[in-house]
Amino acid sequence: MSSFKITHRAATKISEKIAYKITQLLKFMLNIFYGKKYAKRAVILETIAAVPGMVAGMFNHLKSLRRMKDDEGWIRELLDEAENERMHLMIFLDIAKPSWAERMLVLLGQGVFLVVYSLIYLLSSRTAHRVVGYFEEEACKSYTEYLEKVDSGEVENTAAPEIAISYYNLPANAKLRDVILRIREDEAGHRDRNHAFADAYESKTLPAHQN
């Protein structure tokens with residue numbers, strides 16, 4: 001596992017400032033509902049995070065068909081990102097065990113964000129990927145806070161769910177802390193890749209594809 005770092009891409013251009021403001025609005029709304037309830041907060045976080053990869057994958061798939069040109073692996077990478085975020089959601093559903101009302105809130109949030117993000121992607125793919133980059137920066141911070149609460153004993157370091165053990169190939173005695181570390185590492189990767197995607201749209205040069 002690579003060394004994790006909290007990083008921030010400074011918003012200097014208008015499109016970056018817009019993307020950052022959108023992210024701050026999402027963060028504000030997330031705090032209203034769940035604040036420091038980290039497991040349930042993660043359910044909403046991952047519900048939203050699972051949308052962009054699928055939307056971007058779909059639009060790039062259609063663009064590849066229109067242009068009759070190979071996408072050079074981008075569709076698969078974007079869909080893999082969406083699948084990874086979906087698995088994060090499945091893991092935290094097992095941990096948080098949300099009520100039916102909270103599940104309805106998850107569905108509502110997902111539906112609204114699907115429409116909004118699709119519109120952003122149609123208007124500016126660069127801004128859309130920058131939004132995800134900033135969103136993942138906040139996710140990294142949120143999971144770091146979650147780890148601190150586990151380490152301090154404020155949140156119990158319970159046994160890792162079976163779904164997480166299977167997905168990450170963790171030892172049978174793995175704990176919640178081990179799962180959070182792996183998920184935070186995933187989010188850092190999505191953060192860096194989406195900032196790279198946004199940079200690519202600006203420079204017109206696609207970054208190297210990662211398997």
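**Salt bridges and their surroundings**

Modeller: Lys141 is partly exposed, with a relative accessible area of 28%; here buried means under 20% relative accessible area, exposed over 50% and partly exposed in between, using a 1.4 Å probe and protein chains only. This is a predicted model, where local features need pLDDT of at least 70, side-chain atom pairs count only at pLDDT 80 or more, and totals for chains, interfaces and linings use all residues. Residues are numbered from 1 along each chain as its sequence is written, and side-chain values use heavy atoms, leaving out hydrogens and water.

Biologist: Which residue forms a salt bridge with Lys141?

Modeller: A salt bridge is a side-chain nitrogen of Lys or Arg within 4 Å of a carboxyl oxygen of Asp or Glu. For Lys141, the closest N and O atoms of the pair are 3.6 Å apart. Both residues lie in helix 5 (residues 125-152), three residues apart, about one turn of the helix; helices are DSSP runs of H or I with at least four residues, numbered from the N terminus. The partner is Glu138.

Biologist: Is Glu138 buried or exposed?

Modeller: Its relative accessible area is 10%. Because buried means under 20%, Glu138 is buried.

Biologist: How far apart are the closest N and O atoms of Arg86 and Glu83?

Modeller: Both residues lie in helix 3 (residues 74-96), three residues apart. Arg86 is partly exposed at 36% relative accessibility, and Glu83 is partly exposed at 34%. In their salt bridge, the closest N and O atoms are apart by 2.9 Å.

Notes: Helices (H or I, at least four residues) and strands (E, at least two) are DSSP runs, numbered from the N terminus.
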